[in-house]
Amino acid sequence: VTSRCGVGLNEVLGSEISVYPNPATDVVNIDLGNINAENSVIELYSSVGQLVMSKNILSVSGNQTQFETTDLDGGLYFIKVLTEGKIYTSSVVITK
């Protein structure tokens, strides 16, 4: 399922990316599956829409990457992967 966003990018809804552990405490692992993640951006947003982390991916090994979450408050966060004109989304709960 895809939907049109206001900025002209396609948002892909579904389970193309895998986030674990969920809930997480110190590290969030992101498995990008079959997505071509070279030259992509991975962003982490708080539940109120504030960008809290961003990572530019020039190349990935095994299509996996991770964020350290030790400095984040507990709560719900959203992960966006922007690549090849598409946005892949997922969510994760950070516990402290």
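Which residue in E9 is the bridge partner of Thr 83? The partner is Lys 86.

## Basis of the model

This is a predicted model, in which local features need pLDDT of at least 70, side-chain atom pairs count only at pLDDT 80 or more, and totals for chains, interfaces and linings use all residues. Residues are numbered from 1 along each chain as its sequence is written, and side-chain values use heavy atoms, with hydrogens and water left out.

## Elements

The protein has 9 strands and 0 helices. From the N terminus on, the order is β-β-β-β-β-β-β-β-β. Strands (E, at least two residues) and helices (H or I, at least four) are DSSP runs, numbered from the N terminus.

## Pairing around E8

Strands pair if DSSP finds at least two bridges between them. E8 covers residues 75-83, and E5 covers residues 40-46. These two strands pair in the antiparallel sense, over 6 bridges. Val 41 stands opposite Leu 82 of E8.

E8 also pairs with E9, residues 86-94. This pairing is antiparallel too, with 9 bridges. E8 and E9 form a hairpin, with 2 residues between them. Glu 84 sits in the turn and has a positive phi of about 50°.

## Burial, contacts and surface

The protein has 96 residues, and 32% of them count as buried. Buried means under 20% relative accessible area, with a 1.4 Å probe and protein chains only.

Contact means heavy atoms within 4.5 Å. Among contacts with a separation of 6 or more, 54% come from residues 24 or more positions apart.

The protein exposes about 5,500 Å². Carbon and sulfur atoms supply 46% of that area. Accessible areas come from the Shrake-Rupley method with a 1.4 Å probe.

Conventions
Buried means under 20% relative accessible area, exposed over 50%, partly exposed in between (1.4 Å probe, protein chains only).
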